[in-house]
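Here's a quick briefing to read alongside the model. Have the sequence and the 3D view open as you go.

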Amino acid sequence: SSASQQASGGQGSQRGPSMWQRAQKRWSALVAAPRSRIALQMRAHLGEDHWQAFVRHAEDKWKTQFLRAFEPSTHVLACAGPIGGGPCPYQFSIYTHSIA
């Protein structure tokens, strides 16, 4: 949506179109795509009307925040470690400005 593009910098931001495209693809794979992991399991349980309402709610409430996670102020995406705490066992990081 234009609000999401504006809030996250859109394709014209410093990080370049590649990070924007990756962030959008991750969102779609998680929530918005008709065959996303969540859609495949939840659409049958909720019914089409409630499913569409859920997707709208998720996009309104969470999409911008999700996309912003792909543009950290440090320009580095890094493993933060397990949810339960502790260091990242992989010590993985990507400098986002180097992605083309």
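Glu 48 is partly exposed, at a relative accessible area of 40%, where partly exposed covers the range between buried (under 20%) and exposed (over 50%), using a 1.4 Å probe and protein chains only. Keep in mind that this is a predicted model: local features need pLDDT of at least 70, side-chain atom pairs count only at pLDDT 80 or more, and totals for chains, interfaces and linings use all residues. Residues are numbered from 1 along each chain as its sequence is written, and side-chain values use heavy atoms, with hydrogens and water left out.

**Salt bridge**
- Glu 48 pairs with Arg 43 in a salt bridge, with the closest N and O atoms 2.9 Å apart; the rule asks for a side-chain nitrogen of Lys or Arg within 4 Å of a carboxyl oxygen of Asp or Glu.
- Arg 43 is partly exposed too, at 23% relative accessibility.
- The count by this rule is 1 salt bridge.

**Nonpolar core**
- Met 19, Trp 20, Ala 23, Leu 67 and Phe 70 form the largest nonpolar core, 5 residues in all; such a core is a set of buried Ala, Val, Leu, Ile, Met, Phe, Trp, Tyr and Cys residues joined through side-chain atoms within 4.5 Å.
- Helix α2 (residues 17-32) gives the largest share of this core, 3 residues; helices are DSSP runs of H or I, at least four residues, numbered from the N terminus.
- Leaving aside residues up to four places away in sequence, Ala 23 touches Phe 66, Leu 67 and Phe 70, with contact meaning heavy atoms within 4.5 Å.

**Leu 46**
- Leu 46 sits in helix α3 (residues 37-46).
- Its relative accessible area is 33%, so Leu 46 counts as partly exposed.

Note on methods
Helix = DSSP H or I, 4+ residues; strand = E, 2+ residues; numbered from the N terminus.
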